[in-house]
Amino acid sequence: MTDEMLRAPAEVKYAEELDWLESIDDGPKPFSWRLSPRMVRLFVLGSERSDGLDREIAQKWFGDRSFVERAIVTLASDRGLLLIGDPGTGKSWLAELLAAAISRNSTLVVQGTAGTTEDHIKYSWNVSMVIAKGQSRESMIPSPIMTAMEQGVIGRFEELTRSTSDVQDALISILSEKYVSIPELDDDNIVFAQPGFSIIATANSRDRGVNDLSSALKRRFNFVRIPVVTNKKSEAEIVRFRTTELLRRHNIDLELPPTLLDILLQSFADLRAAAASAQSDDGKLESALSTAEQIGVLEDAILHSNFFGDRTLRAETLAGSLVGSLARRTPEDLAILNKYWHGVVEPRSKKDGGEWQGFLEGGRQAIATLS
Amino acid sequence: MSLFGALREQLNDAAETFAGSPGALSEILTGMVDDVDRALGERLEIFPVCHHSPASALAMARRLREKQPQVIYLELCEDLRPLLDELRTCKLPVALQAFATDLDGFPESWGPLSVVAPITEASAEYQAIAYALDTPGVELVLVDRSSDHVFQWHPREEPGRPAEEAGLHGDAVGVEIGDLRPRFAELEEHLLHHGKVRHWSEWWDQYVEQPLSGADYDTYRQVMVLIGSLFRRLRPHDSAKLDRDEDRERYMWTRMREHLAATGADPERCLYVCGAFHAASRVEEFGLDATRTDFDISPRTATNWLYGLIPSSHSAIEAQFGLAPGSVSIAAATYAKATTRGGVKPYALKGQPSSKRPAKAKPAAPLVPADQLTGFLSRPPERDPLDEAELLGWCVDIVRLARRNGYLSSTADAIAVYETSILLAGIRGRARPTPYDFQDAAVTCIEKDTVPGRRDVRRLCEILLGGDRIGEVGYQSLPPLAQDVFERLEPLGFDMKKRAVHRVLLDLNATPELRPCSQLLWVLRRLMPDDHAVRPIMGSKQLGERSIQESWDVALGHHQRALIELGYEGVTVEQVLEQRLRRSVWEPKATAADALQAVEEAILFLGGRRVADELGARAVDLLAAERSVDDAPDVLRRIRRLLAHYRASEPALPEWCERFVTTGYAQYCTLLPTAFVAEDVGVRQVAAMLGFLSSMESLALSLGCDRAQLELAVRQSHPETPGKIALLWAAQFQLGVLAIADLRERCAELLDNPLVVPSFPQYLSGFVQALEAAPALTPFVVEVISGAFAKLPDRVLLPWLPTLIETLRKEAPELVPILIREAGRTFPATLAAVDAWVAPWERAPGDGPGVRAAPAAVTGGPAAELLAAHPAPSDAVAALLGCEGGWAPLGSGDAAPGAAPEVAALLARHPSAADALAGVLCAAGKG
């Protein structure tokens, strides 16, 4: 099944692993959970030798253990879970993994936008059917959240703060009374949530103040703040993990040399330091230089070497992709990159040699082409 | 087969299974058992401890009651021993401190050296100290290296003091009993990762503290030594820290052997309390029956060490020793709970709160170690059952506390926190929620996207679980200086020892008896300027000023440490200040300005002439030796202020002041020509020199200086920059060499010459600065500025205006009011007057009140008659000034021709005042 999808949801992608975990899970499971909380944690954070399992479970989300524990525990309690953090910190990925592990369904998602209405959260009507047969359960279109309630599984709400306040407040009754009434119907007009229903919402902390949550909604959610990854080791693992996944998705058989990964991480760290010390916006790159951006650069370089190169990832290609991805404004971004290349990369290539020399050359050419 | 034979075999098998062959791993595992065996088999009973471990404290209390040892050897700097008796008067936590400023044998850059050893109530060492000090016949011997050796063994290339933020401890080097932590980061990371905990304190609590809390003594000892041995064996082999650790072990065993030999004490009745790391020592000197006993203890350096107690706090300890925030508080709370639950009666020093007499118990039988370790390692630790009431209490309290701190939390949150704590403990494999689980649960349920108040939920949890406790040093243990300060502040009516900010209001007119208190507060402020121990809200202390009312914020209780450290320097604050002032003027880099400042401070804070005169004499020497004039403005300002003070308050100037003026006159005359041309000397400096020379001239001349020296110096000066040229002209005007008309002409030439116009503003700056030396030039400077505004082209004037304002504000703030006053006199005050106004300098000579003919000689009147009747003094003055000419004959006594007609009219209208004056003068003349 995964072969037919561009990107399989976590429960499909890790179906085999989840099946196996379910088969060995003897811990107490809350409500209708498919796995016990400990197994959910194991699924998300991967196994250790000390866990004494017969097979290794890969780590899928990189970050502090206590965040995952707090998130799982919240879902087992009465409250909804709100993951809050900067863009690119892996909030949605964690939400997807949790939903997949707990209820084997991570696709019941409402995307919060300025155009989201209450109908998207509760239900809407199939107009032609209503005209033909009148209002009934049959002609009703339940929202993903309502479906989650009926099935007793986890529903997801992405970018909660992007939707307007009145729409957000529709969640209040769902989270406290745990039912949705359908006043249009005369009978069978209440949908009760089954045990196991909960909501994982994500919110971007940069957007705070756009549509602030009401206090009533805030107290129905437990907030778990996901910080930005600053640890180089964790970042390397995230980049490697995501890139391997991408390679598999594109069916590309290409090796990722560790030295090149180091160069990529190092150059991003340098550029971030430069951006932090810049005096004005002109002095820093437009890009946020997030971990997701690094993955983008690497993916670009891999695709380039696969289709136009000799199927080996080279430092020159990586440098070209980096310049290409980060130079968004001319001449400001190009000037910064030019300064970086001559001020940092050049001395380093003389000192350390190795792949840095290729990186220097590739970057120079890319900058020259774009200038 | 030894005691642990079975365990050793079992571990060997385990090593084989995991590592594939019994190699290194087996060596480590069985080596650990050997260490345990060795430590427990030692004749002198070793009590391994870990810092801030309630389990250690409880085990210690239990063991002391059982064994009743006669001698206790404690791993603590041996020179701190006398301080321990003082603990009785203190509220814990406090820190023992050794402090040294006079270094001998250490690099100067290391000073001041400071070592602190914090003592908390929930610690094994406090149990041992309390037992030993309160039980008659028990001797407490500190055996670790002295504070001096701490620095002797410090690597020389490193800076002397680690830069740790430690709040109450300042930047002291911390020493602690029972430092037990993995010696390299990877091991700690590994343990934390596999223990599924966040920080070291949590790991320790979960894997050692909890299981050991109810363990018997054998188990406790074996487990502690085992962990000590583990960290000892898994460590970088080349670490310098380890060498020092081993040296410390040799030191301690040597000291113990010496003590035993000297006193003949029975090792069976002794107890050696040391960190678990040292209990697993493998140095050759280990044990009473060691093979090597020849460790050479190096003598202390000649550094003069001072000792005292300073207040400490849980957060200061956490910061200094890199523990997780709140961990010491949580340990204290755990300890308190364990002691109230019963089972063990802890020792406490008499005189301290909750002090209880130790129960009499019979000496315990010698300990026969039994293998408890195998059981501990092979079965999961037994955990306490859920303490439901405690957790419920926490949940309710945290919600209450959060509400008070601005969170919108309610009972629903209390329920959620309770549920989440239990769920979290479940997922983390704990039978009951630890304080750490509770903290996480509270953060999850109560913390939202913003923190409404000053404290977040994590901090509130720390407060709830015991909070930061801050110690207090008892009055009796304070140094004499601190006691003296508290006694002298008593009239203010506050208990300054309390930890509060006292607002002190002093009405010095109504209650002059409080003046000494005010003086003391000023001295304290001068000595502790950075701390907020004493802070003036209203009132000031400057020469020539006297406060009528003052208001102070005094928080000496909060800042005990600063006051105590002041106590290391002297017996009274005045003595300390005197020493500091002396030190400041004798420093190699001291300047005359510094010395004058010291004189000012001596007058202000110490009173009396002795110190001020001594410092003043030094100022003269410093001035004579100075080759730079950078400080000239400062010197001028200060000496003027001092002269004004002495003239107002003393019958005669002090001798040093006179010498200072004459030395300064000669010195500045000598340096003037160089200063005028030197590029690195600014206009302000030269102006200040000229100011000194002209304003001190009369005094200097009366003391024997020669004016020709100044004239020559001015003649030798050939400045090249516009600002200094203007200064030179002003100096020449002041000396009478240059007439005002010539000066005016020169300025007009400058303004007419288009090549010079751009630099004209700099001339102006020079003239403004020259007001310091030639105040008579003020009207002229106003004239020049007005002329410049009128004539300078906009392209020169406009860019220059901001520069002028900035220069005036920065370099001549005191001269601006003079200029403005003069301008106010010159320019019309009303709009109507503007039309008719003609600038004084543009009027024809003789057509205004400002321009007058030279006053004619007085030819009559009572004054003239008086002088004519007694010509001798006038003749003598004339001869002295070299003024030739004789006496003019007295006229009819009419008003002199040319005298102002208004004055004559005024006198004619009101003759009585003039008549009375004439009567007085005549009477005086006749008398």
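What follows is a short chat about a predicted model with chains A and B.

Visitor: Start with chain B. How many helices and strands does chain B have?
Guide: Chain B comes to 40 helices and 11 strands. Bear in mind that this is a predicted model.

Visitor: And what share of chain B is buried?
Guide: Of the 927 residues in chain B, 39% are buried.

Visitor: What about contacts in chain B with a separation of 6 or more?
Guide: Residues 24 or more positions apart account for 75% of those contacts.

Visitor: Let's look at a sheet. What is the strand order in the 4-stranded one in chain B?
Guide: The order is S1-S7-S2-S5. This sheet of chain B is open, and its pairing is parallel.

Visitor: Which strands stand at the edges there?
Guide: Strands S1 (45-49) and S5 (139-144) of chain B do. Each has a single partner strand, so one side of each is left without a neighbour in the sheet.

Visitor: What is the average twist?
Guide: From one strand to the next, the twist averages 30°.

Visitor: Which helix packs on that sheet?
Guide: Helix H5 of chain B, residues 124-134. Helix H5(B) touches S1, S2, S5 and S7 of chain B. Its direction makes about 130° with that of S2(B).

Visitor: Zoom in on S2 and S7 of chain B. How many bridges join them?
Guide: There are 4 bridges between S2(B), residues 71-77, and S7(B), residues 270-275. The two strands run parallel.

Visitor: Which residue of S7(B) does B:Leu74 stand opposite?
Guide: B:Leu74 stands opposite B:Val273.

Visitor: What does B:Val273 touch, leaving out residues up to four places away in sequence?
Guide: Its contacts include B:Phe47, B:Val49, B:Ile72 and B:Leu74. Among them too are B:Ala124, B:Glu125 and B:Ala128.

Visitor: Now the largest nonpolar core. Which residues have the most contacts inside it?
Guide: They are A:Leu98, B:Val273, B:Met689 and B:Ala730. The core has 324 residues.

Visitor: Which helix gives the largest share of this core?
Guide: Helix H26 of chain B, residues 655-677, with 11 residues. As background, nonpolar side chains tend to be buried together in soluble globular proteins.

Visitor: Switch to chain A. What is the order of its 5-strand sheet?
Guide: The order is S2-S5-S8-S1-S9. The sheet is open, with parallel pairing.

Visitor: Which are the edge strands of chain A?
Guide: S2 (109-111) and S9 of chain A, and each pairs on one side only. The twist averages 20° from one strand to the next.

Visitor: How many bridges join S2(A) to S5(A)?
Guide: S2(A) is joined to S5(A), residues 154-158, by 3 bridges. In S5(A), A:Phe157 is the bridge partner of A:Val110.

Visitor: Which helix of chain A packs on the sheet?
Guide: Helix H5 of chain A, residues 91-103. Helix H5(A) touches S1 (80-85), S5, S8 (198-204) and S9 of chain A. The direction of H5(A) makes about 170° with that of S5(A).

Visitor: Where the chains meet, how many residues does the contact take from each chain?
Guide: The contact takes 24 residues from chain A and 17 residues from chain B.

Visitor: Which parts of chain A each supply at least two residues?
Guide: Helices H3 (37-45), H4 (65-76) and H10 (215-218), and strand S9 (221-226) of chain A. The largest share of the chain A side, 8 residues, comes from H4(A).

Visitor: How do the residues of the chain A side divide?
Guide: They divide into 7 nonpolar, 6 polar and 11 charged.

Visitor: On to the backbone. Which peptide bond is cis?
Guide: The one from B:Leu92 to B:Pro93, with omega near 0°. B:Pro93 is in the loop between helix H4 (81-84) and strand S3 (94-100) of chain B. Most peptide bonds are trans.

Visitor: What is phi of A:Phe31?
Guide: Phi of A:Phe31 is near 45°, a positive value in a residue other than glycine. A:Phe31 is found in the loop between H2 (15-24) and H3 of chain A.

Visitor: And A:Asp188, exposed or buried?
Guide: A:Asp188 counts as exposed, because it has 9 C-beta neighbours inside 10 Å. Phi of A:Asp188 is positive as well, near 50°. A:Asp188 lies in the loop between S6 (179-181) and S7 (190-192) of chain A.

Technical notes: Residues are numbered from 1 along each chain as its sequence is written. Chains are lettered from A and ligands numbered from 1 in the order in which they are written. This is a predicted model: local features need pLDDT of at least 70, side-chain atom pairs count only at pLDDT 80 or more; totals for chains, interfaces and linings use all residues. Two strands pair if DSSP finds at least two bridges between them. Axes are lines fitted to C-alpha atoms, for helices over the stretch in contact, and angles run from 0 to 180 degrees between N-to-C directions. Two residues are in contact if their C-beta atoms, placed from the backbone, lie within 7 Å. A nonpolar core is a set of buried Ala, Val, Leu, Ile, Met, Phe, Trp, Tyr and Cys residues joined through C-beta atoms within 7 Å. A residue is buried if 20 or more other C-beta atoms lie within 10 Å of its own, exposed if 12 or fewer, and partly exposed in between; C-beta atoms are placed from the backbone. Ala, Val, Leu, Ile, Met, Phe, Trp, Tyr, Cys and Pro count as nonpolar, Asp, Glu, Lys and Arg as charged, and the others, Gly among them, as polar.
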